[in-house]
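Student: Hi! Can we go through this one together?
Tutor: Happy to. Let's have it up on the screen.

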Amino acid sequence: MLQAGVLLTWISFLLGGAFSGAVIAYALDFRTRKGLLQGALGGIIAAILYMIT
Amino acid sequence: MAHEIVGILSLLVFVFTVLGPLIMVGGRRLIPLPLQTLLVAGALVNIVLTVLAIWLDGGSLNEMLSLGSAVGSNVILLPIMAMAGGFLVAGALEGSGGFAALRVVINKMRGTPLGMAGTLVFIAQFSTIFAMPCGRIQAAALLPVIITLGPEGVRLITKKQMVVLVTALAVNAAASCGPSQIGGIGQIGEGFLQQLGFLTSSQEFGIMIGTAFTALFISLFVTRFDMEEKIRLTEGRQLAQSLGAASTSDATLAQTHDEEVIARKFKAPLVGYISLVIFLVALIGAVFGLFGKTPITTTLLVATVVIMLIARLSIRQVIAGIILHPITALVAGFLMAGSLVVSGGFKSLSQVLVWLSEFKVAGVGLGVAGMIALFVQIETIMPMPCGRILAAALLPIVVAMGPATGWMPNASGLLTYNQLAIVLAAFIVNAAASCGPSPIGGIGTISEGMVRSEIGYLRNAQSYGIMAAMTPLAALVMRFWVLAHNPFSLENLLIFFGLLAGIIVFNLGMIKFINPATFKKRRTPTQEKEKNLATWITFLLGGAVSGMVITFALFWPDQASGFVSSGPFFVYLLQGAVGGTIAGALLLLT
């Protein structure tokens with residue numbers, strides 16, 4: 001069950017990271033598809049590092 | 001009898017010392033003293049009052065003389081030492097060029113597929129990724145990057161982007177001391193629960209999403225009129241491209257020049273990169289237990305010594321990293337808490353909390369659910385320059401609501417162990433983040449200084465992000481990830497992702513609603529009124545939903561995970577909504 005919890009944590013962090021990254025990019029006026037995708041990518045990297053550190 | 005009166009009086013002294021500096025009269029603070037000074041003075045007053053009570057109740061001289069040690073014993077050394085260890089390694093990183101290396105790495109990210117958008121997102125979230133014991137360390141390391149890229153630097157980001165970025169950075173940096181494994185506030189709560197790292201992921205998830213909502217809030221909250229009138233940051237020449245450069249080569253030349261300026265600004269010695277790697281190895285090793293049972297503080301100190309030897313740093317350079325403010329805040333908070341223990345102030349507060357949970361108007365009251373929904377937001381309602389001040393004083397009260405202590409017989413047993421863990425996660429992330437919107441020296445005031453806005457202009461966005469996203473999400477994650485018996489059960493997944501989606505959709509709608517003037521091209525006579533009304537509605541509804549989510553996390557029955565049904569669930573939800581609404585109103589009023 002502990003491993004299931006860890007897996008759920010990872011999935012949620014990655015989804016949450018992508019979402020938060022896209023929202024921040026939108027707030028920063030990067031509103032093209034490329035800008036939003038770059039923001040989501042930045043958010044995913046941030047989420048991975050959140051989990052690792 | 002005298003003890004009971006002194007208990008109430010000492011509680012009033014505490015409330016006065018905390019609220020006094022927040023009250024403004026004629027544009028000036030009512031009590032223009034540092035909070036730490038006030039708290040220590042308040043603790044002394046409480047001790048004198050307690051001596052008086054002992055004398056009136058016929059107590060002995062020995063009883064009076066033992067008060068000093070009783071108060072002093074409440075100063076817990078472990079979080080102070082962990083924080084000092086974090087500061088020392090930060091000092092070593094600064095002295096060796098580790099933070100300069102970090103700035104170079106972040107700047108280089110712009111050339112990767114992340115581009116400018118992804119890099120700025122990374123900067124906004126960075127403080128909590130490598131969370132230090134105080135968010136000011138990361139903020140200080142990152143601000144030069146933003147200043148250089150900003151409108152008064154090489155103008156790669158606009159004035160509005162800078163306002164959004166520094167607001168998001170401020171709330172993220174402020175909150176980062178909650179989940180920090182090197183002396184963060186969360187470690188105090190984890191100490192009470194006796195599980196290191198137990199509260200980390202819930203806080204981090206809340207911070208990640210809360211940062212995004214704060215950014216979106218401020219992006220829509222600032223109108224173009226405000227941008228011209230209330231944000232006095234100067235905006236120099238635009239990039240050559242946007243000015244309509246005579247030829248493509250002109251634009252390329254201008255861009256090359258800008259990049260050269262940035263490259264000159266961001267340089268780091270080799271030893272800086274090495275010290276950064278040493279720090280990361282120490283941090284990851286300590287978090288994952290790669291060095292056996294070595295305490296984190298010891299690991300950090302060894303890393304500090306290794307960096308000192310490699311970079312040939314003096315002790316003075318390392319000690320320069322220590323920020324006294326959070327340390328004195330923690331000690332002052334502990335002293336105040338100790339004085340409340342001996343004076344009976346905590347007992348009185350527990351009576352107030354129980355009274356609040358039982359108080360009813362026309363048969364309707366807050367209940368425990370409403371009281372908790374309000375209590376977890378209290379630090380952002382009374383934002384101190386450092387969240388530790390109130391956290392150190394109030395955490396014992398939160399813990400006393402749990403099953404084990406018996407310090408406060410009235411409150412004891414209000415919550416089970418699992419419910420206590422949820423409340424602690426929500427309370428601590430709220431406490432940590434509260435130094436962002438604090439108008440009396442919080443991290444947000446640094447951002448406001450950077451964009452030269454009015455003091456408090458960026459506060460609402462941060463307060464909303466903390467209240468409506470960080471706090472309830474920390475509770476939600478704690479309940480449905482960390483404490484769930486079977487996280488992958490269909491019911492658990494549906495509830496978690498359903499509530500998560502609900503919070504996201506609701507907040508997106510509320511933030512869109514926040515400022516009707518955002519999309520207007522001209523200033524209208526009723527614009528400020530409309531904006532104020534929309535802000536009030538947003539905070540009240542946001543508070544209500546936040547309170548309901550926290551209540552849901554606390555009371556949704558699931559026997560396998562240790563949550564038994566304890567009463568009418570929908571009544572609890574309603575009580576949580578009322579408590580959250582009151583919190584939303586108080587957030588705007590204070």
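This is a predicted model: local features need pLDDT of at least 70, side-chain atom pairs count only at pLDDT 80 or more; totals for chains, interfaces and linings use all residues.

Student: Which ones in H23(B) are buried?
Tutor: In H23(B), the buried residues are Ile443(B), Gly444(B), Thr445(B), Ser447(B), Glu448(B), Met450(B) and Val451(B).

Student: Okay, zooming out. What does the domain assignment of chain B give?
Tutor: Domain 1 (77-234 + 251-324) and domain 2 (342-589). The C-alpha centres of domain 1 and domain 2 of chain B lie 26 Å apart.

Student: How many residues of each domain of chain B are in contact with the other?
Tutor: On the domain 1 side of chain B there are 46 residues, in contact with 51 residues of domain 2 of chain B.

Student: Which helices supply at least two residues of the domain 1 side in chain B?
Tutor: Helix H8 (135-149), helix H9 (159-175), helix H10 (186-193) and helix H11 (200-221) of chain B each do. H11(B) gives the most to that side, with 16 residues.

Student: How do the residues of that side divide into nonpolar, polar and charged?
Tutor: The side of domain 1 of chain B that touches domain 2 of chain B has 30 nonpolar, 13 polar and three charged residues.

Student: What about the largest nonpolar core, how many residues has it?
Tutor: The largest nonpolar core has 214 residues, and Leu165(B) and Ala425(B) have the most contacts inside it. Helix H24 (residues 459-482) of chain B gives the most to this core, with 16 residues. Domain 1 and domain 2 of chain B each supply at least three residues to this core.

Student: Which residues is Ala425(B) in contact with, leaving aside neighbours within four places in sequence?
Tutor: Ala425(B) is then in contact with Leu199(B), Ser202(B), Gln203(B), Ala474(B), Ala475(B) and Met478(B).

Student: Switching to chain A: how many helices and strands?
Tutor: Chain A has two helices and zero strands.

Student: Is chain A compact or spread out?
Tutor: Chain A is more spread out than a compact globule, because its radius of gyration is 12 Å, well over the 10 Å that the globule rule gives for 53 residues. Its C-alpha atoms fill a box of roughly 40 × 15 × 15 Å along the principal axes.

Student: And what share of chain A counts as buried?
Tutor: Of the 53 residues of chain A, 51% count as buried.

Conventions:
Residues are numbered from 1 along each chain as its sequence is written. Chains are lettered from A and ligands numbered from 1 in the order in which they are written. Helices (H or I, at least four residues) and strands (E, at least two) are DSSP runs, numbered from the N terminus. The radius of gyration is taken over C-alpha atoms; the globule rule is 2.2 Å times the number of residues to the power 0.38. A residue is buried if 20 or more other C-beta atoms lie within 10 Å of its own, exposed if 12 or fewer, and partly exposed in between; C-beta atoms are placed from the backbone. Domain bounds come from an automatic or database domain assignment. Two residues are in contact if their C-beta atoms, placed from the backbone, lie within 7 Å. Ala, Val, Leu, Ile, Met, Phe, Trp, Tyr, Cys and Pro count as nonpolar, Asp, Glu, Lys and Arg as charged, and the others, Gly among them, as polar. A nonpolar core is a set of buried Ala, Val, Leu, Ile, Met, Phe, Trp, Tyr and Cys residues joined through C-beta atoms within 7 Å.
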